[in-house]
Structure formats: C-alpha cells, structure tokens
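Okay, thanks for coming, everyone.

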Amino acid sequence: MSDTASGRAQFSAGPARRLTVSLSLLLACIIAAAIFISNGIVMWQGWQAAHRAMLHSAEEMAVNMSQTVDERVRRTITAAGSTIHRLTFDTLRIKTDLYTRMPRLLRYLNPPQNMPLLSAVYTAYTDGEKILIRPLKTDEERAANNAPTGAIYLVQVKEAGGNNKTSQQLFYNKNYVLLQKRTIPSPDYDATTRPWFQAAMQAGGPQLSAPYVFFGNQQAGITISERAQDGLSVIGLDIELSTLDEQLHDMQPTPNSEIAIVTTNGRVLAYTGAASQLQAEDGMIQLPTLKSLDVPALQDLAKMNLPSSERVAGFNVRGQEWYGLKAPLTSIGTHKLELLVAIPDSDLLQQVRQDFMSQSLWAVAAALLLMLGGWFVGRHIGQKLSRLTTQAQRLAHFDFSAPPQGGSSIQELEMLSDVLRRMSETIRNFLTTVDAIGNEAQLDVMLKQVLQQTVHATDCTAGAVYLLNANNDGLRLAAMAGQQMVREDGSAACAEDTPFCHDTLSLSVLTPPHPPVGLRRAGEGQIAIPLSDRQNKPLGLLLLNYSNDERHRGMAFRAFATQISGALSAAIETRQLVDAQRDLFEGFVHLIADAIDAKSPYTGGHCRRVPELAINFVNRMNAEGHSPYGPYELSADERHAFHLGAWLHDCGKVTSPEHIIDKATKLEAIHNRIHEVRTRFEVLWRDAQIAHLQRLQQGEDAAASEARMQEEQAHLQEEFAFLAQCNIGGEFMSDEAIARVQALSQRTWTRHFSNRLGLSREEEARMSDTPEPPLPVQENLLIDRPDQQLQWGPKPPPVTRDDPANHYGFDMQRPSLKGNLGEVHNLTVRRGTLTEEERFHINDHVTQTYIMLKALPWPEPLRRVPEIAATHHERMDGKGYPRRLDANFLTLEDRVMAIADIFEALTASDRPYKTAKRLSESLRIMSFMARDGHLDPLLMRYFLEHQVWADYAARFMRPEQCDDVDLDALLALLPRSAPPPLPPEADTALTPAPEQQLAFA
C-alpha cells in the first residue's frame, strides 16, 4: 500500500471528507513553474552565462577533485603514521616473543576494514630478520596466498642468517588464533636495501616514500616507515593508492574527460582510462609514463605552462578543442604530484547549445500560464498553512486545547490538521495522567484515573488493571474503564459497565502466551500487557480492548501501549513502595509501643490504650466536622501525624529504669529492701533472747526477765509491722508517721561483718570516701549513708531553664541527686512509692521522647509528631512539664492527648502502686482537674457529653469498674467560662512565651 493510501486509511475515521489532491504533486507543479519563470527571466544572458558556468564548474570540479584526493591521502597517511608510531614501541623478535605477542600486535590492526588502504606491515631488522603482516581483505587475496578458511591475517617471518633460504607463513583468524603455519622459500627481497628502510634508519620520526610499485602484490602505493625504539629495526606500512583510479573515474565531469595523477618525473600514479601495463626498468617494476598511456590531450596539457593552476585554459589537440587544468597535489610529503584534467569542448558545451533553444521556446509559453496558476494555488496553501501555524503556535505556548477543525482540498494539509488535533489530545491525556500519578495518594483512585486516560490516549474501547493480591498467588481486579461490554452472542456482560467479569485471575496469565481474559465486542482485539517493577517482578496485568482497524493492528500501537504501561507500572510500584514504607514505619512505631509495654508487666498496655482513646477522640470530632472550638477537619497527613504522635507518646520510656517504673514499695530498688530491715529486726529479736539468758546467768528473777524479753519482742513486732506498712505507700503519709520512722531509725543494732566485701566497682567507688569503723560496730536500724546518695556526674540532664545545653525549651526542676537509696529517705515519701529523684526519672521519659523524636528527619506533613507525642503532660495553667507550656501554646491535639493519658492512668488496673479507680470516680477527678486548670474544660465537656469514654470502658476496663456515671453532676463541676482560644496555627506550639525564650536559646 502506498504512503498516500495508508494515510487515507489511517485518517478515514470520522465524518466524510472532501476530495483531496496530493500536496506533493501540487508542490512539484509550483517548483516547475518557478523554474520556467526563472529561465525566462535570465534567457537573454543564456549562452554567455551557461558558458561561464560550465567553465567555472569545471574549475571548481578540478579544484575539489584535487582537494578530495589530498584529503583522502592525508587521512590515510595520518592514520598510518599513528599506527606505526605505536608499533615502534612494540616490536617483535622471532626467537623470543613472536608467537606470544603476535595476537596483541594484530589488535592494532583490528579490524582490517579500519584501514582499507593498508597493504602490509613490515618489521625489518638490520641483521636480516624480517616480519611481514598482510591483511587478507578479499577472497581473491586469500586464494592467491592459499590461505585456510577463516584467515584474515598473513604473517610471514624470516630469521636472520645468510643461509636461511626459507620463511615461515602464519595465518590468523579474526580472534587472533593461529590457524596454520607453513614453510615457504624466502623471496628474493632484502628490506634493508629499500629506500624506506634506509631513510628511517638515518632520520628519526616517520618517513614517507615516493609512490612506487610494491614488490609483494604489484600495486602502486607509498610506504611509511619509522625506526623502532630499540634502534635495531624499522617498521614499515605499505599504503595502496590503486583506489585512486576508481575515485578519478567517479569524478569525471563528462564521459570523454581525461584525468590523471602524475609524479614530477612523469610517472602516472592514477588514470581514469584503462590501466597500462607496469613497466620493468633496471630490473624493477615501475609506474607507467604519460607517453605509454597514449593520451595526446594529457601529454600536451602536461607540457603547457598555464598562467594559473586554478584556471581552465583552452587548447587544441589534433583539430579538437579541449579545456584543461593542472592542479598540484602536495599531500605525499615532499614528493610532488600533479592532477591533470582535460575536457573536450564537445562534452562541455554541446548540451548547453541544445538545451538553450529548447528552453527558450518552452519557458516563454509556460511562464504566463504558470504565473496565474501559481498565484491561486499559493494563496490557497498560504491561508491553510497560516491557520495551521496559528495552531502550532498555541502548542508552543502550552495551549493544548483541541485546535479547531479546518477542511482543505489538499490531503497533506488535512492530515496535518488532524495530526495537530490528535497531538493536542495526546498531550492533554499525558498531562492528566502525570497529574493523577503525582497528586493522587490513593492507589485505586489513581489507577482508575490513569486507566481512563490510557484508554483514551490509545483510542481503545475498554481497559482493566489487575494487581497481585495480598498473598501474591493471584490477581484481583483493581480498575476498569471504557464502554459497556457485551458477549459475542449479543447478550449483556456480567453487569452494567463491567467489561471484565473476572474479579480474580490466576498468575498463569502473566506468562506467555497471554490468553484473553476479559469480554470484548465482536470484531474487537485485546492486548494483555504484564506490569512489572524495576526488578522485573510482576505487579499485575493491563488489558486493553481495541477496534480491529489499521492503526491498532501494527506494532507501533503495541509499542505505544507497552510504553504507557511502563509509566503505569512505575506509578503502581511507587505507590506500593510508599504504602509499604508507611506500613513498615507504622509497624515499627507499634513495635516500640509494645516493647515499652512488654518491658514492664505492671504498665503493659498503656502505650496501646492511650492512642486508642486519643485517636478515637480526634476521629469523632473530625467525623462530625466540628470541635468545641468551631469547625474541625484534619487532612489525611494531619490524621497520620496525630496517629504517630499518639503511638509514640511514651517512646522515651525505653530509657526509664525498669526498677523505678515498676517500683511497688518505697524500699524497692532492684529488690525490696524491706527484707534487709526485717533481718535487722530478727537480729534485735535474738539480742533480746540473749539478754534474757544473760540476766538468768546473773541470777535475776526468771519471770521478770522473761516478761521483759516478751515486751521487747512485742515492740519489735509492732515496730516492724509499722515500717512494713509505711513501705507499701499510699495516697498520704502523716507527719506523725514520718516522725515515728525517723525515731525508729535511731535504734541501733550490732554489725559484725564488713560491708565492704562483695561489692561492685560502683559501690566501692561510692564507699571509698568513708572509712569503715572497727568491727563490731553499732549501726542505726534504718540507714541513710552518704554512699547511698547517687550523684549526677559531669553531665546532668539539661532540663533546667538556665542550662546552656538545654536546646529544647525544657523548664523542669532537677533534683540535686541522681538518686537516694537512703532507707529513711524512701520510707518517709508522703505520697506513693517514688522519691523526688525517682519521680524525676519517671517524668524524664517525656524529655527523652521529645529529644528522640526531634532527632528524626520528619517530612513536612509529619513535622508536628514530636510536639504531639511530648506535650501530653503539659497543663492549661502552664504548670505541667517538661516545658511549662500554657493554653496559649497547646493545640487541640495536645489537649486531647492530655485527657487520654490521664483517663487511662486513672482507670488502669495493672499498676502495682495503686488500685484501679471506678469509671465515675475517674471522670469526677478529671472534671476537678479541668476546673482547676489542668485539663481543657471544653474538651472535657465534649468528652463527657459525647461519651467518648464509653467505648474505651467497654473494651479495656474491668466490669466491676464500670459503674453508673452521673453526667449532669460531672458537667456541673466544669467551669462556665471558656479557656483561652487555640493557637492560631499549629506552629505556635513550637514558640515559647516571652518569659520562656531564654530556655529555647
């Protein structure tokens, strides 16, 4: 099918088009008219101009011919000179390294086609040793040398020595493998007597010989030679110039022209006519002379003294007029060559005379007619091209709206207009596809949008995308687009607008051949394109249904569809990678929370329960679209940031000492030290018995002594019970109890064993400053020794406002000691079981949370995660920790986290140091906290009224805790006045109040 017919078939779809003519025919007519008109205008100077033009053309031809020959020879000599210079560093010796190094040497000439004029390469030594390498470029050359099959190199070597009458022939293939080795009689050829050898030995650098006939193949050429670096040999390259005959023949300006290249001594190097026989002179084969060619025109031209070497001169040879030109060739070193060109007058001007009269008659007649026709045609084409130019300019200015349809009687213009329209549509489809790939976060929505654009861009009827399922053992239908499909018998498809009825497919459809897997209309085709990632792992399958027309049957459509599927694969892979990374990070966050809960069996579940409640709280407001402070709507990124912040709110507990987190009694450190105190009471018990026995030996009254002992032991029992009760801890310890503990600590007991044995290095270091008294020693029943006071060391935590290392705005009171293991100090804790030092370590988990999360490179959508996670212990009145932020700096999410954390802490039933509170009691305490400026009262009211706590209580609280809640009574406790409004932007939570800016410096 012709191009025109194919174009009609491709663009035949759509409304009926008017009859068109070929633009190429129309333009040919216009060009012909322009030629005739131009000939008519310049006809008055016809003969003179033609005569001058032909002469000038002959001059330019001769000059160009000489330049071409010069350039060809120069390039050949330059390439050969570069090669021979490299070879001078890599010469061979027959007896030492010929066979091992020959393959490497041949690589310099690989392949022979790189130097088509190369005839042979010589390495000739002064002692007579010779190595010749000749490329076998044709079958004739291989046959002439009786070469084995596959040989492309002939290597001929001759060893030194006057009695050596034989030489070795080596044949190599293209892989430099030796195919054959044979012995032949040595030719009568002494390289050391050749001019090229002697010139190279006498002078450094490459030497160029005069043109001559080669001894080996009787071809004309030149030799480039250079002395090797060892100074004992000469490398020579024979360059054939026989192809100049063919080149001169191809450059003949007229059939009877005579062209020759001659040397200064009259020898003919190249000639356009039949080749003359080489001449034997003085026992050597020589180039022919001009006289032997028997071409009188060239002989006379060679004898003429022309005024200029670049001007054509006329001369007469045996009654016939000729035009001749002599051009010097200086490309072959100092050996001068000359180009002779002789053109007969009959060839040069005869056709001009004939054409002159014929063109004169036709040009005048055609000029008038073509001028009128060309004007009408040019006007029509100009208007159409102007319209198409405007459409193309709109594309250049990024206006891809569909160009208006414009009819034309010229087929090519109509096709160009249609192409511009289709190009605009394709660009719009690609832009829409790129926008969907780049901006749509949900994979299914993105697939639907991209698939619709793909179906439209490929002019298909329908399409579907199948993706691997979660188990990677099958394909699931992910997206569909296109027309409603029907079965081939005319019945409807599975459902309306469902072109592919398979919800799932087997993985076998991803391996060739791909069988059709979806429904299609009668007469439609279907292409199945596997989708894979950059590692060529399968992602899914793209199905496209198309009309069986000319455009869709070619390979171009399949290639285009495959390229589009590549963009779809990249988008799917990117989305899946993003989702996988997000799931991995989500799992890692949950892993941290679970690890913290698993670290302590008494606080297990806290890191999971708090985010459950907080996220439910925020989702409730987001779903309703408003909060107590007005309209409320979080984006997907903001919800994700809050989700992560909630799950990471206690990640700093990984640094909290476990024995402090799980401290159930006041004397508990790594173990409960109440047992040490009990042992001392056991000693005092035995001391009372011993004193009783001693009194009996001294003759005291037995009854009185025993009564005294029993009284002392009863006191011991009661005192230890009191101390044990103090060790349990509680909500409040009275001043009387504290005074009694201090008084009991003054009771003494006798220690007979050294307390400096079996210690760790740290204990030894702490006790080194206090010398041990002589044993036995009297010690208090309860001990607060100096070594029990643990110091901070050189790097205390930077949490105070005036600490220059505090870069996070912390505003906490750091105790003077890192820890205090004193027994009296611990037993006199007023509330709970934690000392001031231990409570600081517990509270420090928030600072560690903030420091750890701040160190992570959060992307912009998640930049508030550290704030959300580390602000749940701040208070509305600014008395919280770790930064003492007040309501002016607490976002709504920060306030939600505080409510969730406190509610979980109050209702938790897995704390060893307190009992779980009932639901009503917990909500009542939180209502008082909201009234006292601890919690947000509006959010607390929302928490109560919308019963956000109800679902949490049902899931996580014990049945006996879930009592009745009097909401009205609780709401009555909340203040009537609203707290300060929320910060105008979330970023304000990062900015301290003026009085806090020092801590942020």
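The largest pocket holds about 1800 Å³ of space. This is a predicted model, where local features need pLDDT of at least 70, side-chain atom pairs count only at pLDDT 80 or more, and totals for chains, interfaces and linings use all residues. Residues are numbered from 1 along each chain as its sequence is written, and side-chain values use heavy atoms, leaving out hydrogens and water.

A pocket here is an open set of points on a 1 Å grid over the protein atoms alone, where a 1.4 Å probe fits, with protein on both sides within 12 Å along at least five of seven lines; lining residues have an atom within 4 Å of a point. The volume is the space filled by probe spheres set on those points, joined across faces, edges and corners.

So who lines the largest pocket? There are 45 residues, and Arg-839, Asn-843, His-873, Tyr-881 and Ala-905 lie nearest its centre. Which helix gives the most? That's helix 23, with 6 residues. Helix 23 covers 836-854, and helix 25, at 892-907, is another that supplies at least two. Helices are DSSP runs of H or I, at least four residues, numbered from the N terminus.

Now, helix 25 itself: 15 of its 16 residues are buried, meaning under 20% relative accessible area with a 1.4 Å probe, protein chains only. At 1.5 Å a residue it should span 22 Å, and its end C-alpha atoms are 23 Å apart, so that agrees; the expected span takes one less than the number of residues.

Zooming out, 45% of the protein chain's 1001 residues count as buried.

Notes
Buried < 20%, exposed > 50% of the residue type's maximum accessible area, 1.4 Å probe, protein only.
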